[in-house]
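Hello,

Here is the structure we talked about handing over. Please open it first, then read the notes below.

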Amino acid sequence: MHTPVKHTISLVTFIIVAFSVIFSFATPNPVFNGAVESDVFKYNGEYYFMAHGFGGDTFSLGGGMKSSTNLVNWPDQAHVFSMTDNLWAPPNDGDGNIHVPDLIYDYDGTIHLYWSGVRALIGHAESISEEPMDWYNDDNDAPFDGHEEGATIFDWDRRIDPHCFKDDDGKYYFYTTKLNAPEGNVIWGQPMDNPRALSSTAPYPQISVDSLDTPEWERRTYWNGLGINEGEHVFKYRDKYYMLYNANFVGSRPMLEGRDTNGKVVSIYIAEDDDAYIGVTIVLVHDSSVTPGNETTIFENNTLTINIADGQSTAGNIADAIKEQPWIKDATTSKPNSAWVLCNGTPEECQGRDFIVLPDDYCNGYYAIGCAEADSPLGFENEYKYPEPVLDLTRWPGTAMDHCIENIGHPSIVRGPNGFEWWVVYFAFWDGWGNLGTGIDRVYFFDRTLFVDGPTSKFSTGYHPGPAEATFSDLFNGNDSLSLPSHWNDSIGSDWQIQDKEAVQLNSVGSHEAMAQSTEASNYLIEANIKFISPIGDKAGLIAYREDSDNWLKIGFVSDAGTPKWYHTIMKTGDSSPDTTETMLPPGFNLDVYHKIQVTKNHTDFQVMIDDMPAPGPSYISSTGFTGKSLPGLYTENAQATFDGFIYTAGWDEYDDKITGWDDSIMGAPQTGTWSIGSDGISSTELIMSKTFKGDFLSQYEYSTQVSCSDCSPGGTPVMGIYGIYIDDDHYVAADIEVETDRLKISNKQGASMTVQYVDVPDKESYHLRIVKLFDSAIVFVDGQEVLTIDGIWGKAQVGLRTDGMTAQYNGITLFKLGSQYGCNCMPPVSGDWEINQICTIEGSVMFTGNVFVTNNALLTIDYASELGIDFKNKHLKIDIGSGVFVKGIGKIYQNP
């Protein structure tokens, strides 16, 4: 329809929404069905998935790959590798025996694929091009890592589950699981000379299943007497190394077997609550008058006598007889996630074992994912395992089929599309053995303690959104004439094109820049993948900061007579010329293949990462004096280059002595008290009301930190907490831990109105606080658990830290602006008409001289106190059926000029 509006439109004019799923904050697990033993690999801004049992076409049983731009939708797939090309594998090792694929990118442009075959021989293949979904070749004469011919299943050399990890210093490490009965599977690690060769250093044992020092949950059962740790995945964050791994094995919990003699006694313990058990003695009596399926039971004096048929040797009927007892149902209601843990042996072997029983055994998978920490890549030990799994069996009674997620395994950790979030990808059985699928769940860090918000599905209650998109991103997958003008400004030069889903600059003469069209920020993450077009030219990279022509920072690659380098060049007011620092890149660094540059601006400090490692040399550019807001951009200087996978997300992620920028509020409220920054974070050091602030005014964001008391018994009613929302002293939301009462106090001040709510919290010295600010609500979390949702409209706000009557320490502080699934920023093209074809939000003032079209079921939101000016005298605003415009509060659409 045409809307010839010639006056201001305010408040809510109309809403036509076809995107209800967008606003339901639930992870859509499983994201697709099928596949086990998977790995997810990010390259040029997109995600690539390989797994055992997925062929990528209609003929193959393995060697397939899927791709995604968001970790949720996986529309493309291809067959990329086959065991039939392998020179060393036996004929029976077909594609269906490609187990546990693992992918990693090397700076020479090669993507390396590792896998284990049916005989536990580990292979290695390489991509024939830079494209992840092109073919992979294995032209080796022998396995990459394997055992001698004729070795048995329990030989020490039996290897499975390969994983390659690249550390910050560029060194590679290789991990495998080695079957070593009777001690159980042991995960080993060893250095690599390069991705193609293991070093001569002997492997180091990392973790294993040992009855003396392994968490109890890992010993739920044993398979042929063998304990299992396997499926390892190693990564590094905040200077800490993490290993996710699987324990137990995929299977149903074995029930009590009937290989007993008449009258043998087995002890069973029924969980009454978390701290107490009812001891029950079970007596199994063979009775010739009983037929299978017609067991009789008598329960007296905590003794259950089960009369079973002569020769009974299966467990099912005995288990059913146990489950029918009313005291079992009554006793287990306080532990709904308990499950059958019954001995798979004779009563003599099982005598004295602890058992937990549920009323039903529907959700009964063994497999679960654990976590271990280390201070070095080969420093993992059993004593540093977490006491409980980070992803385990979950059940929602009363849902369809009493919805279960069970047998969870083979984790893969990857950064989300906005560059800040971490996600774990895993397989699980959803509602039983017939529904195998792949799930994703969000990973958080309580300073440095890993926590997974999962497993989740459509039945999960509360706030569990999918991956947040960046503030601005471009995969350059669109049409040149539409996506370049609507996403980028050609501030210097021209000749930018899109070819083969890449941004290309073919003009090798002079400077060429393209600035992202988005909202400026003071703290942000930017990332782009860059490749020179042969012959290599001069310079290409990122505009990391630009305030004006006298204040800017560029970071990129340069070739000096064929010698690859990275460099940064900085210009400040008063400088006669830019100051440039160049640093050599490692030998073999190939500039005519893609390399990722990531730059984070935190207050005045810039951190530079190349291919996910700190850049060689001065990777931390501190105290630049650039406190202002900026937008990022791309540039070339006398070079032809291509760019891909660009993201820009407003926010920061800081810890230890890299915490910076906390001060007075934007609206002028002063920092109070004394705040110090050291190796353990930022601390308030006085007992008075102390508060400090940081960040831009944002409409929607996620903000989190770990807060710990310095003196946990100061007396009085002291608090330590955060401003989750802060506008001024009359408009804020504060979340404070009352250390004396073990309560979370949430204060919501709106002018003269103050609302206070309380939530009980555990008695601890340290808590992880998180708040998600949406347009019309704020959601509060403590230690990963959602505790309260506050409805309200606050407009744009910043965040803060606060203590009163005590001192406290804050570390691991993260904030990022929420992306387009919550409403992205809308920026018009430089010229022509403006087509809005996705959900987006105008923040601030936007004036446009062309026609505006809202299409493709999109919702255009004019935020509070924001405005859209249109030349209605000559142009129009057209809203297609199914699309809509939502004007909030004192926002407006008006005649311009």
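**What was found**

Glu406 has Phe429 of β26 as its bridge partner. Strands here are DSSP runs of E with at least two residues, and helices are runs of H or I with at least four, numbered from the N terminus. Two strands pair if DSSP finds at least two bridges between them.

A note on the source. This is a predicted model, numbered from 1 along each chain as its sequence is written. Local features need pLDDT of at least 70, side-chain atom pairs count only at pLDDT 80 or more, totals for chains, interfaces and linings use all residues, and side-chain values use heavy atoms, with hydrogens and water left out.

**Around β25**

Stay with β25 for a moment. β25 and β26 (residues 422-430) pair antiparallel over 7 bridges. Their hairpin has 6 residues between the strands. In that hairpin Gly419 takes a positive phi near 85°. β25 is mostly covered, with 12 of its 13 residues buried. Buried means under 20% relative accessible area, exposed over 50%, and partly exposed in between (1.4 Å probe, protein chains only).

**Cavities**

How many cavities of 30 Å³ or more does a search of the whole structure find? The search finds 5. A cavity is a set of points on a 1 Å grid over the protein atoms alone, where a 1.4 Å probe fits but cannot get out; lining residues have an atom within 4 Å of a point. Grid points are joined across faces, edges and corners, and a volume is the space filled by probe spheres set on the points.

The largest cavity has a volume of about 140 Å³. It is lined by 15 residues, and the closest to its centre are Tyr237, Arg442, Tyr444, Phe445 and Thr814. β27 (436-446), β48 (701-709) and β57 (808-817) each supply at least two lining residues. The largest share, 4 residues, comes from β27. By class, the lining has 7 nonpolar, 3 polar and 5 charged residues. Ala, Val, Leu, Ile, Met, Phe, Trp, Tyr, Cys and Pro count as nonpolar, Asp, Glu, Lys and Arg as charged, and the others, Gly among them, as polar.

The second largest cavity holds about 90 Å³ of space. Its lining has 13 residues, and Ser38, Val100, Gly231, Glu232 and Pro411 lie nearest its centre. β25 (403-415) supplies at least two residues of this lining, as does β17 (229-237). By class, there are 4 nonpolar, 5 polar and 4 charged residues.

**Sheets**

β17 also belongs to an open sheet of 3 strands, in the order β17-β18-β23, with antiparallel pairing. β17 and β23 (368-374) stand at the edges with a single partner strand each, so one side of each is left without a neighbour in the sheet. Neighbouring strands are turned by 25° against each other on average, direction ignored. Axes for such angles are lines fitted to C-alpha atoms, for helices over the stretch in contact, and angles run from 0 to 180 degrees between N-to-C directions. β18 (residues 240-247) and β23 share 7 bridges. Met243 has Ala372 of β23 as its partner.

Another open sheet has 6 strands, in the order β47-β56-β49-β50-β51-β52, also antiparallel. Its edge strands are β47 (690-698) and β52 (753-760). Neighbouring strands here are turned by 15° on average, direction ignored. β47 and β56 (residues 797-804) pair over 6 bridges. Thr692 has Leu801 of β56 as its bridge partner.

**β54 and the cores**

Why is β54 (residues 777-782) called largely enclosed? 6 of its 6 residues are buried, so the rest of the structure largely encloses β54. Ser777, Ile779 and Phe781 cover one side, and Ala778, Val780 and Val782 the other. β53 (residues 766-773) pairs antiparallel with β54 over 5 bridges, and a hairpin of 3 residues joins them. β54 also pairs antiparallel with β55 (residues 785-791), over 6 bridges.

The largest nonpolar core has 44 residues, and Trp488, Ile555, Phe557, Phe606, Leu634 and Phe646 have the most contacts inside it. A second, separate core of 39 residues includes Val782. Such a core is a set of buried Ala, Val, Leu, Ile, Met, Phe, Trp, Tyr and Cys residues joined through side-chain atoms within 4.5 Å.

Best wishes

Terms used. 1 Å grid on protein atoms, 1.4 Å probe; cavity = no way out; pocket = protein on both sides within 12 Å on 5 of 7 lines; lining within 4 Å.
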